[in-house]
Amino acid sequence: FFTEYRQLPDGRIQETEFYIDNTGVRFISRDGIFVTQSIDMRGGAPVPGTEGTVQYLSGDETLPPIMPEMFWRGPTIRRESGGPPMQEPMQIEAGPQIAYTIGDCAYDAFAVTQLTFNQDGSIFEDQLTYLPQLGIAI
């Protein structure tokens, strides 16, 4: 399993996860936190019919900058593979800045908890580490 990060010309982040069974998933996001698109991958290529989108009802341009100790909550609409729209509030909470080391490189970082409140009453929780100097979350 490994993950590849690329910054797109418009500043968004493309994150592609590659799994050992030759499958994966690609996400397009702002700052590696606010995902706007996803698609399953097989053999390094997108799988048609597996697209997902997230629309932030406040508008992408009003999403807050990712910073230590921030809090944001807002409504989203998620669509999976052309299915019906699902209203799913999202919450982002960041911890204090810490030092983080990858190999021989030291970075500023902070923990980010992302909660998605699904229509069925379940809550999806993603624990990330945001690296401001790289503009990505891992």
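Exposed means over 50% relative accessible area.

**Entry 1: the model.** I am working from a predicted model, and today I looked up its aromatic rings. I found six aromatic pairs in the structure.

**Entry 2: Phe 1 and Tyr 19.** I looked at this pair and found it stacked, with 5.5 Å from centre to centre and 10° between the planes. What does the pair tie together? Phe 1 sits in the segment before strand 1 (2-7), while Tyr 19 is in the loop between strand 2 (13-18) and strand 3 (23-30), so the contact joins parts that are 18 residues apart in sequence. Next I checked accessibility. Phe 1 has 65% relative accessibility and therefore counts as exposed. Tyr 19 comes out at 32%, so I noted it as partly exposed.

**Entry 3: Phe 110 and Tyr 130.** Stacked or tilted? This pair is tilted, and I noted 5.4 Å centre to centre with 50° between the planes. Phe 110 belongs to strand 12 (residues 105-117) and Tyr 130 to strand 13 (residues 123-131), so here the pair ties together parts 20 residues apart in sequence. I also looked up burial: Phe 110 and Tyr 130 are both buried.

**Entry 4: a cluster.** Which residues do ring pairs link into a cluster? I wrote down Phe 34, Tyr 56 and Trp 72.

Terms used:
Residues numbered from 1 in each chain as written. Predicted model: local features only at pLDDT ≥ 70, side-chain atom pairs only at ≥ 80, totals over all residues. Heavy atoms only, no water. Phe/Tyr/Trp six-rings, centres within 6.5 Å; stacked < 30°, edge-to-face > 60°. Helix = DSSP H or I, 4+ residues; strand = E, 2+ residues; numbered from the N terminus. Buried < 20%, exposed > 50% of the residue type's maximum accessible area, 1.4 Å probe, protein only.
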